[in-house]
Amino acid sequence: MTLLKNKLPCLIAAALTLAFFFTLSACANASDIHGGSTINIVSTTTMLTDLAKQIGGDKVTVYGLMGSGVDPHQYRASAGDITKMSRADMVVYSGLHLEGKMGEVISAQEESGKKVVCASSGIAEDSLIMNGEIPDPHIWFDVSLWKKAAKALEKGMEELDPENGEYYLTRLELYTEELDELERYVKEKTNEVPEDKRVLITAHDAFGYFGRAYGFEVKGLQGISTVSEAGTADVSRLADFIAENRIKAVFVESSLPVKNIEALIEAVKARNFDTSLGGYLYSDSIGDEKNGTDTYISAFKHNIDTIVKELK
């Protein structure tokens, strides 16, 4: 009894320490997107996650819902995603129906009074590529349009946190200079490819803005959304085009399975012409740190380098 009495203070102290540890762990898990005094931003796509970090710097904590290789056309928000959005200071999405299966979730955040920023909101309608009445959402493939998306994010941050407005504006200006340099790089690389060889065949029609901006004819096996599957007629039609124009390489996208492009290559071979798999391009997602493509700029450079290498 005396022994227990002597150990009691130690046992109580240990219990309190253990309780404190579990409480701290629970709080950390419950606030995994909070960054203390920083603005907490939840973004949908990997491109937007990078953009928010570039503009926000150390004034923001950014949580991206989609990882590298995730297809935003098909993405559905989980219960955990909804919780993260509801607790964030700002939600950033691309718009133009890119996150087509998240529309209601994003609208609910806006209706709740949350600061919600649509990255494509500053792009004039006459700058969009239209597929009938549906706008092509892949605006990041024209660097000049991505600059407008950057401005939309900067404006949203400044409105939410006016005290650091000059900081966000300065970072926008510096990042715009980097995007100017990227544009120069892309145009210089493009000049290495003869004009009659500038034909880009991809898994889905994500590169329309790229083609318009940098002088490539672009054809995708699927349409602007991956929701609709490519049919036999689509494969046959594109195989005819490749064989007739003797296009030496076709490209798969990092966020899509390779099987459709492999079927296309076989269909071309049946037409007595060999086209090769030119490599992987980042379309609806940027890459990761392991591959050195975890930023918008590095992923874009990877794309143009891969395209030029295979087509020139």
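User: At what N to O distance do the side chains of E154 and K151 meet in a salt bridge?
Analyst: This is a predicted model, and the value is computed from its atoms. A salt bridge requires a Lys or Arg side-chain nitrogen within 4 Å of a carboxyl oxygen of Asp or Glu. E154 and K151 meet that condition, with an N to O distance of 3.2 Å.

User: By about how much of the helix are E154 and K151 separated?
Analyst: Both residues belong to helix α5, where they stand three residues apart. Because of that spacing, the separation of E154 and K151 is about one helical turn.

User: Is E154 buried or exposed?
Analyst: A residue counts as buried under 20% relative accessible area. E154 has a relative accessibility of 0%, so the class is buried.

User: How many salt bridges does a search of the whole structure find?
Analyst: Side chains of opposite charge can pair when their charged atoms come close. The pair of E154 and K151 meets in a salt bridge. For the whole structure, the search gives a total of nine.

User: How many residues apart in sequence are the parts that K147 and E183 tie together?
Analyst: The side chains of K147 and E183 meet in a salt bridge, at 2.8 Å from N to O. K147 lies in helix α5 (residues 143–160) and E183 in helix α6, so the pair ties together parts whose separation in sequence is 36 residues.

User: Which residues are linked with K147 in a network of salt bridges?
Analyst: K147 and E183 meet in a salt bridge. The network also takes in an Asp, so the residues linked with K147 are D180 and E183.

User: What is the relative accessible area of E183?
Analyst: The side chain of E183 meets that of K147 in a salt bridge. E183 is buried, with a relative accessible area of 14%.

User: Where do E192 and K312 lie, and how many residues apart in sequence are the parts they tie together?
Analyst: The side chains of E192 and K312 meet in a salt bridge of 3.2 Å, N to O. E192 is in the loop between α6 and β7 (199–204), and K312 is in the segment after α10, so the parts tied together are separated in sequence by 120 residues.

User: Which helix gives the largest share of the negative patch?
Analyst: The negative surface patch is formed by E158, E166, E173, E177 and E178. E177 is found in helix α6. Four residues of the patch come from residues 165–190, and this largest share belongs to helix α6.

User: Which side chain does R184 join in a polar contact of 2.9 Å?
Analyst: R184 lies in helix α6 and counts as partly exposed at 44% relative accessibility. The polar contact of 2.9 Å joins the side chain of R184 to that of E181.

User: Which backbone oxygen does the side chain of T306 reach?
Analyst: T306 lies in helix α10 (residues 296–311). T306 is buried, with a relative accessible area of 13%. At 2.8 Å, its side chain reaches the backbone oxygen of H302.

User: What is phi of H97, in a residue other than glycine?
Analyst: Most residues other than glycine have a negative phi. H97 is in the loop between β3 (90–93) and α4 (103–111), and is exposed with a relative accessible area of 63%. Phi of H97 is positive, near 70°.

User: Where does R246 lie?
Analyst: R246 is not a glycine, yet has a positive phi of about 50°. At 55% relative accessibility, R246 counts as exposed. Its place is the loop between α8 (232–245) and β9 (249–253).

Notes
Residues numbered from 1 in each chain as written. Predicted model: local features only at pLDDT ≥ 70, side-chain atom pairs only at ≥ 80, totals over all residues. Heavy atoms only, no water. Patch = residues over 30% accessible without salt bridge, like charges linked within 9 Å, V, L, I, M, F, W, Y side chains within 5 Å. Areas by Shrake-Rupley, 256 points an atom, 1.4 Å probe, with all protein chains shown as cover. Lys, Arg positive; Asp, Glu negative; His and termini not counted. Charge placed at Lys NZ, Arg CZ, Asp CG, Glu CD. Helix = DSSP H or I, 4+ residues; strand = E, 2+ residues; numbered from the N terminus. Buried < 20%, exposed > 50% of the residue type's maximum accessible area, 1.4 Å probe, protein only. Polar contact = N/O pair within 3.5 Å; in protein donor to acceptor, adjacent residues only side chain to side chain.
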